[in-house]
Amino acid sequence: MSGFRASGRPFWSWSRGDATQTESRPLIPKEGQAAVGGPLYGPVGDPEPRYDDGEESQSDPETFTPRSGHSSGDHCLKLLVLSSNLLFSVLGMVVLCLGLWGLITKESFAQERIGGIGTDPMLVFVALGTLLSALCLSGCVGALRENGCLLRCFAAAVLALIAAQVLAAIAAFSLQGAAEGYLRSGLLVAMARYQDDLDLRFIVDEIQTGLECCGADDYRDWEVNIYYNCSAPGVLACGVPATCCVAPLENGTVWNSQCGVGAQALDVFSAQSAVFLGGCLGGVARWVERHSAAIGAAGIVVLGVQILTLSATARLLDTIQWHKAYSRGLPR
């Protein structure tokens, strides 16, 4: 201890750099050496690197912000949202075209029928197709323009659509046993009002033509209609509509509307060459059973695409909000 006192210098002086010799020490960079290409370190005691690119230093970890820019993940999110919206846009256009086809086929735009077009059920398909197309268009524009309002509206609509589909699937599964009874009752009502309601007539004709069937359970179910009842006074008595006929075209070119006259009075053996004997309930059941796998797969795919689109839209919204917050926090 006496040796340290004799020297007249503190005992900790060896641990500090001598400020008078900094210009001659090669291990300590000169002031400004980092700016001309030297090591990016400041004076002794400053262990943090100095980022000097002509702007304000951002070495402080509390104020340092990474550079902005869209990553490849952001572009993938945009591409996913755009692709799913294009897919549902095509679906919406198909539904819209189906509704317009129904209106044109029924000649609903004719002058004598234009007054009742407001109650036409085909307008449901037109409205649904238009709404779906407009919804997908808002999603596309929102993703391209990074518009948060449009993307939020699109996400809310997709969420409501998913909830409605799930509820419909649950209801269909729980009412599976009663579905046949409801379908039979609805079909019999449509047959009873066949001549009075053009919309119901169109639906029944399409079902009987597409499934090659006649009536609900068999061709004699047409007795529920007052015009086709065997006690009716008209020429249609004890007959069936022309869409029940096996060959409704006379000579292969001319539609024969009288081909089903008197079919109910025939026995099964004689009637099988003129009209379809099987009912449409069995035809619907066979069609569903034959296409059940395709229907289930299509439902799962559509629902999965909707969920994936909803997730991608939510992630894209978060990314857009992050970029907006970053841009507001940049130094001006």
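1. A term to start with: rings of Phe, Tyr and Trp (its six-membered ring) pair if their centres lie within 6.5 Å, and planes under 30 degrees apart count as stacked, over 60 as edge-to-face and the rest as tilted. With that in hand, look for Y194, W222 and Y228, which form one aromatic cluster.

2. A word on the model before going further. It is predicted, so local features need pLDDT of at least 70 and side-chain atom pairs count only at pLDDT 80 or more, while totals for chains, interfaces and linings use all residues. Residues are numbered from 1 along each chain as its sequence is written, and side-chain values use heavy atoms, with hydrogens and water left out.

3. Back to the rings. The structure holds four aromatic pairs. One of them joins W222 and Y228 edge-to-face, at 5.5 Å centre to centre and with 70° between the planes. W222 is buried, with a relative accessible area of 0%; Y228 also counts as buried, at 5%. (Buried means under 20% relative accessible area, exposed over 50%, partly exposed in between, with a 1.4 Å probe and protein chains only.)

4. W222 leads on to the largest nonpolar core, which has 23 residues; C214, W222, V240, C244 and V275 have the most contacts inside it. Such a core is a set of buried Ala, Val, Leu, Ile, Met, Phe, Trp, Tyr and Cys residues joined through side-chain atoms within 4.5 Å. Two or more residues each come from α5 (176–192), α6 (198–211) and α8 (280–290), and α5 gives the largest share, three residues. A second, separate core of 10 residues includes V81, L151, L316 and I320.

5. Leaving aside neighbours within four places in sequence, C214 is in contact (heavy atoms within 4.5 Å) with residues including W222, V240, C244 and F276.

6. Where does N225 lie? N225 is in the loop between α6 and β1 (249–250), and at 0% relative accessibility it counts as buried. The N225 side chain reaches the backbone nitrogen of Y227 at 2.8 Å, a polar contact (a pair of N or O atoms within 3.5 Å; within protein, one must be able to donate a hydrogen and the other to accept it, and residues adjacent in sequence count only if both atoms are side-chain atoms).

7. Finally, the whole chain. There are nine helices and two strands; helices (H or I, at least four residues) and strands (E, at least two) are DSSP runs, numbered from the N terminus. Buried residues make up 28% of the 332 residues.
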